[in-house]
Amino acid sequence: MSTTSTSIFSRPANWIWALCGVLALTFPFYETDPAYQQIGVYTLIFVACATSWNMFSGYSGYVNLGAAVSYGTGAYTLSIIAVHTHPNNLPGSASEFWLIPLAGLAAMVVAVPIGLIALRVRRHTFVVITIAIFFTFQLIAINASFTGGTGGLSLPYIPWAASYFDVPFYYLALAMSIFAIILSALVRRSRFGLQLLAIRDDEDRAMGLGVEVGKVKLTGYVMSAFTIGMAGGLFALLQGQIYPQFVFDPLFDISIALMCFFGGFGTLVGPVLGAAVLESSQQYLTVQYSNGSLYLILFGGLFLFVILFMPQGIVVFIRQKAKQRSDQQIAAAAAAGSNA
Amino acid sequence: MVHALIDGVLTGSVYALMATGLTLIFGVMEIINVAQGIFVILGAYLSYYLQLHFGIDLFAGLLITIPTMFVVGIVVQRLFLARLKGPEKTAMSILVTYAISLVIEGILNIAFTVNNVQLNTSYTNKSFQVFGVYIPYIYFMGFLLAIVLLSGLYYMLYRTRFGASIRASLADQSAAALVGIDVKKVSTICFGIGIAVTAAGGMVFGATNAFNASTSYDLISRLLTIIVLGGMGSLAGALVAGIAMVTLEDLVGAIWSPVWSTMAFFVVLVVVLSFRPQGLFGQQSARAA
């Protein structure tokens, strides 16, 4: 990735970012159907989560299949506080929104001991441990009394008209996505990001070169939990009711990973693209056909296709094709020049 | 207590069989087959289908389902997994097998609906008495089946020439290739064997539990825990950890509460890995990527 451009708009990629930003900002104005606005909210929640997941797993190569631990922790933290304090009675409406960063912080706090245990082992085993820890959390949420068990928790009612109910959620999710993208970009360009990438390429060598691998991995893991926890909190507010099997959902874990691999594992744009395409199409298919099984087949099939024919994800695939083409053009031009 | 112990050993041996398939696949190919859970369910549904439509007995049906699953395994390996290469191979294999598992789950949901089913025969609900404990016949027959298949597998691995080449590939792929072993062929057949055992495991699982396609999530999380605990790629580890974990789970369920019995599984995993990151029988502390 070359980052030597002098002006922000000298590269076409930046124009695409700007265009997407404008489209995303104005989305609730040109799409006023609440059903589709809700698709927008869900898509952005997944953009934020996938970007944040990729910031650790994509850069370091440690595939975390327990991202729902952070998501569920955020959702439950916010819900439990909201149920016990009823902040609607405080001055200002919808003051639960101030609990969202708290949900993120709670997810970070929970991520520290998990990281300390799970990051002791190398990649393959790490994947399996994250799955095991995920199921432990799901089990606690289902069986403990403070989580409301299988009945879940109902949040205080947010008194907004249905016509603009989703709009504040939309902008919050958008803000979260932008935050995640900027954070991921900053990490990628920092010394810390280089250390994560070095771990991905060769952990032993990175350690030999003086990277404090344990500290770097833990920091990355905990950082990525923050946005995912906030997204979980936002999801709880949007739903108004949470159940253990929906916030601690194995499909959430794998969807996030699929989105990143689909778009481009370890790239900045990949997770954004993957989440935008996959989540919006899933929501759209659910609204249109409400056939979950058909979706599973399509999703799985599409993913198999991408991973077998574009194993590094769509973004890298397009970049390579573009590079091949420009190389061919240069070669053709050189050949034409030497003939003349 | 005694009941939990006996039950744990009987059920545990079936888990050990399924986990052996999984660990064999990882050991030889460095592929984590997340689809193992759905293959177990697929095997159970095959038995269910044969019994429902052709009246074939569950155990006799294995003569059809085991070879079928072996072929399914080989096709999956040839079509998808053989293409995976490079440093991210293992991570990619998780995602590819997960995608395969999603596709199969969708197909099973459409073909058999999401309603729970259970395999039934005339002898499923009958039981006999040992040490004052009633044991259903099906648990005991499942146990015998698992023992027979595991012995067969171990005989093949330790007493035949082909078994030696599998063990050589388990130990070191490039060295095995250097001494003239066709690692590609060994990998394909190993994957087939690893999937074939799920036909038997699935039949016993389906006869002792009600299941639908989404039961596979629960299964795969247990199987993965077992092979990580035993040490990934270790055959003895899968056997010991499989029996030990299920027994422990049943004991916790009997003494404390069935609600938390699954939790015991994961707590043990976390504790063991904190002290032995390579698992109980794992030999290498870190496999190079």
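Predicted model: local features only at pLDDT ≥ 70, side-chain atom pairs only at ≥ 80, totals over all residues.
**Salt bridges**

I looked up Lys217(A) and found Glu203(A) as a salt-bridge partner, with the closest N and O atoms 2.9 Å apart. This pair links distant parts of the chain, 14 residues apart: Lys217(A) is in helix H9 and Glu203(A) in helix H8 (residues 203-208) of chain A. Helices here are DSSP runs of H or I with at least four residues, strands are runs of E with at least two, and both are numbered from the N terminus. I have both Lys217(A) and Glu203(A) down as buried; buried means under 20% relative accessible area, exposed over 50%, and partly exposed in between (1.4 Å probe, protein chains only).

In chain B I found Arg222(B) bridged to Glu249(B), the closest N and O atoms being 3.0 Å apart. Arg222(B) lies in helix H9 and Glu249(B) in helix H10 (residues 235-255) of chain B, so the pair ties together parts that are 27 residues apart in sequence. Arg222(B) counts as buried at 11% relative accessibility, and Glu249(B) counts as buried at 6%.

I also looked at Asp327(A) with Lys323(A), where the closest N and O atoms are 3.3 Å apart. Both residues lie in helix H14 (residues 314-339) of chain A, 4 residues apart, or about one turn of the helix. Asp327(A) is partly exposed at 37% relative accessible area, and Lys323(A) is exposed at 53%.

**Chain B against chain A**

I counted 0 salt bridges between chain B and chain A. The side of chain B that touches chain A takes two or more residues from each of helices H4 (89-112), H9 (215-230) and H11 (261-275) of chain B. H4(B) gives the largest share, 16 residues. The contact (heavy atoms within 4.5 Å) takes 40 residues from chain B and 42 from chain A. About 3700 Å² is buried between the two chains, and carbon and sulfur atoms give 82% of this area. Buried area is the accessible area (1.4 Å probe) that two parts lose on being put together, summed over both.

**Aromatic pairs**

I found 25 aromatic pairs over all chains. Rings of Phe, Tyr and Trp (its six-membered ring) pair if their centres lie within 6.5 Å; planes under 30 degrees apart count as stacked, over 60 as edge-to-face and the rest as tilted. Phe56(A) and Phe126(A) have ring centres 6.4 Å apart and planes at 65°, so I logged the pair as edge-to-face. Phe56(A) is in helix H2 (residues 34-60) and Phe126(A) in helix H5 (residues 123-143) of chain A, so the pair ties together parts 70 residues apart in sequence. Both Phe56(A) and Phe126(A) are buried.

Note on methods
Residues numbered from 1 in each chain as written. Chains lettered and ligands numbered in written order. Heavy atoms only, no water. Salt bridge = Lys/Arg side-chain N within 4 Å of Asp/Glu carboxyl O.
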